[in-house]
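Open the model in your viewer and follow the stops below. Select each item as you reach it.

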Amino acid sequence: MERLPHDPRPWPARRDEALHDPVLQATLRRVTHRLNTARIQAYQNYPAGAEARERAKHRKREAVREWEPLLAQAEQQITAHGGQVFRAATPGDVGAYIKKVAQEHGVQRIIKSKSMATEEVQLNAQLEATGFAVRETDLGEYIIQLAHEKPSHILAPAAHKNRQQIQALFRETVADAHDVVSDDIPGLTQFARQKLRQDFLSADMGITGGNFLVAETGTVVVITNEGNADMVTTLPRILISLVGLEKIVQDWDALIDIIQQPALSGVGQRLSSYTTMISGPRGPESWEGPDEWHVVLLDNGRQAIHDGPYQDVLACIRCGACLNVCPVFQQVGGHGYGSVYSGPIGTVISPLIGGMQTFGELPRYLCTVCYACQEACPMDIPLPEQIIGLRSQAVAEDREPAAVRTQYRLWGQAWSTVHGYRRSVQAARIAQRLALRHVGLAAGWLKTRKMPPVAARTFLEGWAHEQRRRRRA
Amino acid sequence: MPQAAIFVTCLVDLFKPQTGYAAAEVMERHGWEVEVPISQTCCGQFAYNAGHFAEAIKLAQHFIEVFESANASTIVGLSASCTAMVAHEYPELFQREGANMGLASEEVAQWVQRATVMAERLMEFGEWVHGQEALALPAVKPEKVAVHHGCHMRRVLKAMQPTDEALRAYGAELVEYPDETQCCGFGGTYSMIEPTISTQLADAKREALSQAQAAGATSLISGDWGCLLHLSGRMEYEGDRWPVLHVAEWINQREKMSAQKKGE
C-alpha cells in the first residue's frame with residue numbers, strides 16, 4: 001500500500017482543470033482571503049497570542065527534537081490510565097490494527113472526527129474494503145466523503161465547493177434529501193446535523209486524530225469548531241485516536257501556548273470552539289466515555305524526516321495559514337497538488353512521506369519562492385528553503401530533464417568567469433539575429449510574454465568603453 | 001569623497017543598461033565616487049532557487065572574488081532580490097552545501113567568513129538613496145505612481161520603507177492597489193519552467209495594478225527588474241501601455257527635473 005495517496009493525473013492536467021473551474025476559482029479566492037484576513041486581525045488584536053506564538057515555536061521545536069523520551073512518557077501515561085498504545089510504521093499497519101480491534105468487538109458502524117492522518121493512511125478506504133460503515137462527522141469531511149473526493153484544504157476540506165453544489169450533492173446522495181429545500185448555509189448545516197445525529201447514536205466505534213499529545217499526562221487533545229469530536233469520543237463503545245509522532249508536546253504549559261496557534265492562524269479565533277481531551281477510557285467511577293481507548297502512533301516516514309535535514313517541518317500544527325497566503329494555492333487549490341497535503345506544507349511533506357518519484361513535481365512546479373508561507377507560518381518553518389532543498393535533491397538524483405540539467409550546467413560554467421559571460425552575451429546576440437530565441441528555457445517565457453533583446457551595448461560593455469575613452473582623453 | 005561599487009545584476013546589464021546609468025548618475029550627483037567592477041556577472045540566484053547548488057556556489061565564489069577586489073567598501077545592488085541572495089543566502093549556501101560541493105571544511109569556513117563580510121558591505125539601491133539628502137525641489141509637481149515591491153524586498157530584506165520614503169521625498173504619491181503583498185509570479189526560472197501559473201499571477205497583478213492606473217498612477221516602479229521584465233513583458237504582450245521603471249531611473253528623472261527648474 002502506498003505511503004501517501006496521490007492523484008495519478010500529471011500536474012498540467014490537474015492545473016488546467018482547476019484553472020478552468022469557475023466555481024473553484026471563486027470559492028477558493030473567497031475562502032483563502034477570508035481566513036487570511038482573520039488570521040492577521042486576530043494576532044493584531046491579541047498581542048498575548050503573538051507572545052504565546054514565540055514560546056510555542058520554541059517548545060514545539062524542542063519537543064520534536066527530543067521526541068523519543070517524550071513519546072515513551074506519553075505511552076507510559078496512557079497505559080497507566082487504561083489506554084492501549086500501538087506504534088504503526090505504515091498505513092497498512094494502521095488499517096490492520098484498527099480492523100483487528102473492530103472485529104474483536106463486533107463493530108459495524110464507525111464514526112470519525114476530522115483527521116489529516118486518517119486521510120494520509122486512507123483509513124476509510126481500508127475499513128470500507130473490509131465491510132465497515134464509516135461516517136465522517138466534520139461537515140467539510142462529510143461533504144467530500146459523499147462526493148468521493150479528497151480534501152482540497154487542510155483545514156477546510158470542502159473549500160472548493162459552493163453551497164449550491166453542496167445542496168445538489170445532498171439531494172443526490174443522502175436519503176430523504178428532499179428535506180434540503182434551501183441552499184442557505186444554516187439550512188444545509190441543519191440538515192447535515194440531523195443526519196449525523198443518527199450516525200452518532202448508532203456507532204460502535206469512534207475514530208479521532210490528535211492535534212496534540214501531552215507527554216506529561218498522556219492526553220490526546222483534539223480541537224474542532226463543530227463539537228463533533230466530543231460526540232465521537234463519548235458515544236461509541238470503542239475509541240481509537242490516530243496520532244502522528246510529531247504531535248507530541250511536553251506538558252500543559254507548552255500546550256497552553258501551542259493550542260492557541262492553530263485557532264489564531266487557521267481561523268482567526270483565540271481558541272477553537274471546542275477542545276476535546278482524552279486521558280483514558282471510562283473508569284470505574286465515571287459514567288461516560290468508551291470501554292476501550294487505543295492510541296495508534298503513526299510513523300509513516302516521520303522518523304526518517306526527524307533524522308534528516310527537514311526536521312523543522314515536523315513542527316507543523318496543520319493550521320493551513322501557508323495555504324491561504326500561497327499564490328499558487330490560490331490559483332489551483334488543494335486538488336491541484338494531487339496530494340491530501342496541499343499548499344506549501346504539502347509541497348514539502350508530500351515528497352518527504354510519499355517519495356520524490358511521485359511528488360517531485362510539487363517543489364518544481366508549485367512554488368514561486370515568494371516567502372509568503374514562511375511569513376505566515378506560526379511555527380516559522382523555513383518552507384521556501386526546504387522547497388529549494390527538495391529541488392536540489394531532484395537535481396542531485398538526476399530527476400530533471402537532461403536538457404534542462406545541461407542548460408544550467410553550461411550557464412553556471414559560463415557565467416562564473418567574465419570571459420564566459422561575455423561570450424554568452426555574444427552568443428545571445430547571434431541567436432537573436434537568427435531568430436533562435438524560442439529554444440530552451442526561454443521558450444516557456446516567450447509563449448505568454450515579450451522579452452527585450454540583449455542591449456546593443458550592455459551596461460558593463462558601455463561602462464568599460466567609457467572608462468577607456470576617459471583614460472585616452 | 002565617499003565611494004561605492006555598483007552591483008549591476010545580470011538583468012540590468014543585459015536588458016536594461018539605462019538603469020545602471022541612472023543609478024550611477026544619481027550616485028555621482030550626490031557626490032559619490034562610483035566604481036563598477038567590470039568582471040561581475042550574475043549572483044547565481046536563478047540557479048540557487050532552482051536547486052542547482054553547484055552552479056550557485058560557482059557564481060557566488062566569482063561574485064565574492066570580484067567584489068573583494070573593488071576599492072570601495074560600500075556595494076550598492078540594483079536589485080532587491082539579488083541583494084537578498086548575496087546578503088542572506090550566500091553564507092547559508094556555503095555553510096550547508098559547501099561540503100557537498102567538494103570544499104574542505106576549512107575552505108567552507110573561509111567562504112562563509114568571506115560571504116559574511118560581503119553581506120555587511122552590501123546595500124540595496126533604495127536603502128542607499130534613502131540615506132542621502134533628497135535633491136528634489138518642492139516646485140516639481142508631485143507624481144502619482146504604483147510601486148511593486150518584489151517578495152525578496154518585502155519578506156527577506158524587509159526594506160520597503162526606505163524605498164517608499166525616498167520616493168516620497170522626491171514627490172512620489174504612492175497609489176495603493178489590492179493585494180500589493182502578492183507575488184507577481186516571476187520566481188526566476190519558475191517563469192519559464194511553469195509559464196502557465198506564472199502568467200496567471202502576472203495577470204492577477206495586472207488586474208490589481210489597473211486600479212492604481214485608474215486612480216491616476218502614471219507609471220509602475222520597482223527595485224527589481226526580475227519582476228518588472230516579467231510584468232512588462234506580459235503587459236506588452238497583451239498590449240497594455242504603461243511606463244515601467246526602476247527606482248533609480250525614476251529618481252534620476254526627478255533630480256533632472258529639479259535641476260532644470262533650478263536653472264530656469
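A residue counts as buried here if 20 or more other C-beta atoms lie within 10 Å of its own. Keep in mind that this is a predicted model.

Chain A holds 24 helices and ten strands.

Next, colour the domains. Domain 1 of chain A covers 17–304, and domain 2 covers 414–472. Their centres, taken over C-alpha atoms, are separated by 56 Å.

Now select residues 47–65, helix α3 of chain A. With 19 residues at 1.5 Å a residue, α3 should span 27 Å; the end C-alpha atoms lie 28 Å apart, which agrees. Show its buried residues, among them A:Gly49, A:Ala52, A:Arg59 and A:Lys60. The buried residues of α3(A) pack against α2 (22–45), α4 (67–80), β8 (248–249) and α12 (252–266) of chain A.

Move on to residues 91–104, helix α5 of chain A. Which of its residues are buried? They are A:Pro91, A:Val94, A:Gly95, A:Ile98 and A:Ala102. Look down the axis of α5(A): the buried residues fall within an arc of 95 degrees, so they line one face of the helix. Their packing partners in chain A are β1 (84–88), α7 (123–129), β4 (205–208), β7 (238–244) and β10 (292–298).

Turn to the face of α5(A) away from the buried side. There you find A:Lys100, A:Gln103 and A:Glu104, which are exposed.

Finish just after α5(A), at A:Gly106. This glycine takes a positive phi of about 60 degrees.

Technical notes. Residues are numbered from 1 along each chain as its sequence is written. Chains are lettered from A and ligands numbered from 1 in the order in which they are written. This is a predicted model: local features need pLDDT of at least 70, side-chain atom pairs count only at pLDDT 80 or more; totals for chains, interfaces and linings use all residues. Domain bounds come from an automatic or database domain assignment. Helices (H or I, at least four residues) and strands (E, at least two) are DSSP runs, numbered from the N terminus. The expected span of a helix is 1.5 Å times one less than its number of residues. A residue is buried if 20 or more other C-beta atoms lie within 10 Å of its own, exposed if 12 or fewer, and partly exposed in between; C-beta atoms are placed from the backbone. Two residues are in contact if their C-beta atoms, placed from the backbone, lie within 7 Å. The arc is that of the directions from the helix axis to the C-beta atoms.
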